[in-house]
2 protein chains.
Amino acid sequence: MTVSATRPRVGIIGTGAIGGFYGVMLARAGFDVHFLLRSEFSAVAENGLRIDSAVHGPLHLEPVQAYASAEDLPPCDWLLVGAKATANAELAPLITQVAAPGAKVLLLQNGLGVEEQLRPLLPDSLHLLGGLCFICVHRTGPGAVVHQALGSVNIGYHSGPLADDPGARQALVEEGAGLFRQAGIESQAMANLEQARWQKLVWNVPYNGLSVLLRASTTPLMCDASSRELVQALMAEVVQGAQACGYVLPAGYAEHLFKVTEKMPDYWPSMYHDFSHKRALELEAIYARPLAAALEAGCELPKIRALYQALDFIDAHNR
Amino acid sequence: MTVSATRPRVGIIGTGAIGGFYGVMLARAGFDVHFLLRSEFSAVAENGLRIDSAVHGPLHLEPVQAYASAEDLPPCDWLLVGAKATANAELAPLITQVAAPGAKVLLLQNGLGVEEQLRPLLPDSLHLLGGLCFICVHRTGPGAVVHQALGSVNIGYHSGPLADDPGARQALVEEGAGLFRQAGIESQAMANLEQARWQKLVWNVPYNGLSVLLRASTTPLMCDASSRELVQALMAEVVQGAQACGYVLPAGYAEHLFKVTEKMPDYWPSMYHDFSHKRALELEAIYARPLAAALEAGCELPKIRALYQALDFIDAHNR
């Protein structure tokens, strides 16, 4: 594995399935990637990171530039945050610690409002971006990730020094997309991050929630007439909510994601893993904030509301 | 126990929690009550019927006029059908067998369309009525029922020889209500059975479905802010559906049932028992037909629709 000093240095904050996969892919492409770990530090320091990928084959990164403490990382130009959105507030000091001057912080998280939550806790000099990952990955053990399918990342600029300079802002987003593309990962620079987040919700709102509500992975959900109708109805409400908020999603976008999911290998969305491990569900970002944003724009989304209330009950009784 | 020959003879078809409770209460009041049983026949014939009632104390009916075959019952004037609505078609020949000339068949079942399903399978000479039971009962074993609270029955005429004679029809409904009242049970003669069925749906739609969806009994459902809101929203949609179909429910009816449920002892609705015993859920009567009736009247009920689709998925994967 060669490391090029002229390439930007990448820090991975939260080396779960998402951070682990993209970190290993970037390291494999020759980027200087540093991993901040917590509970998995010793396992990864000893045995490296393993990605069992149905797309790229078995990948093994060893040795890994692994750290148990943010103070030990070198200053990074790009920070990829793959931790759960519910943990962003406590991550802010670590991100600040690790960031090189003018660093780009990319939140690889779903839902709305995740940047808004983190922004006030970061120095103004940092660029904050969001990335929406269309990927089927899950962690199977310390330092071990299974990558079943897909992988593309849609990136948009949220806030920072270039907020008022659309051209430079878009160039920086392109730079981020280029990073992934150099690692063999599809990546799109999105002109509007909020729109990108709504687009991703078209997938997350039905599949994350229904996987918990119905204890079902994507294949059974796509094989039953009633759950198919429910998925489509929830997707339609997300599109409607986006529209009310001023984001017109590409024509046929919901149908496209529905068909992509039909062709996907059987997949348990991350919310189901959180549920089965009795962790907090990301209900704020994926349900409560989109519902509030749509309502603010005069649009009530009754099926998403009912799903959210049911999930909130389940979450409260699951911990 | 005395039996009066001048009183109408009552047959109980389906001696589960509902049939067992009302049958014992009527027998206790001196009516000549005959029970048609299937799997529980020998247990009941040997040990009688036991109702552990929080309202009326422990009740033990023994001996029970119990039968394993419809051919052995004497002709009955009133037939109380407490079996699951999903079994009505196969019950029709048994009901016909047991019915005295001009007998009254009273379906103690929830939901819409249960009489419509049975009617074509019965002789025209029989009166068909529906009864909505507001009661917390459940079966705990062969011939053993726990009665936790409530008990009233709202009765309405569906079809038969008096269909075109409103006065005589209502007198017959009053006769049925009188039967229950003589047994110490509150009973109301309803001018319109379909309205009575919609009223009962205001309770069944939220609590039956959510008990299965959230694996929760009434107390936790009434203690959580999100599930409370969801219950209320579902109730409001039932009221809306009823209105679209031409039935204006009494003012404040949903709020009334909500408060009644708050004061009830913790209760697992019958649909949850069906779910946990991997039996078919009564989704047609309680969800599909009300949704279809409302839609026919131009009214879509999005939260009930979503709940129904989720339950239909659960039901299909539960058997």
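**Entry 1: basis.** I worked on a predicted model, in which local features need pLDDT of at least 70, side-chain atom pairs count only at pLDDT 80 or more, and totals for chains, interfaces and linings use all residues. Residues are numbered from 1 along each chain as its sequence is written, chains are lettered from A and ligands numbered from 1 in the order in which they are written, and side-chain values use heavy atoms, with hydrogens and water left out.

Entry 2: I took a cavity as a set of points, on a 1 Å grid over the protein atoms alone, where a 1.4 Å probe fits but cannot get out; lining residues have an atom within 4 Å of a point. Grid points are joined across faces, edges and corners, and a volume is the space filled by probe spheres set on the points. I found 2 cavities of 30 Å³ or more. Helices α6 (193–213), α8 (225–244) and α12 (302–316) of chain A, and α6 (193–213), α8 (225–244) and α12 (302–316) of chain B, each supply at least two lining residues. Helices (H or I, at least four residues) and strands (E, at least two) are DSSP runs, numbered from the N terminus.

**Entry 3: second largest cavity.** I noted a volume of about 40 Å³ for this cavity. Its lining consists of A:Trp198, A:Val205, A:Val238, A:Ile286, A:Tyr287, A:Pro290, A:Leu301 and A:Ile304. In chain A, α6 and α11 (283–296) give two or more residues to this lining, and α11(A) gives the most, with 3 residues.

**Entry 4: a helix contact in chain B.** B:Arg228, B:Val231, B:Gln232, B:Met235 and B:Val239 in α8(B) meet B:Ala254, B:Leu257, B:Phe258 and B:Glu262 in α9(B). These residues divide into 6 nonpolar, 1 polar and 2 charged.

Terms used:
On a 1 Å grid over the protein atoms alone, a cavity is a set of points where a 1.4 Å probe fits but cannot get out, and a pocket is an open set with protein on both sides within 12 Å along at least five of seven lines; lining residues have an atom within 4 Å of a point. Contact means heavy atoms within 4.5 Å. Ala, Val, Leu, Ile, Met, Phe, Trp, Tyr, Cys and Pro count as nonpolar, Asp, Glu, Lys and Arg as charged, and the others, Gly among them, as polar.
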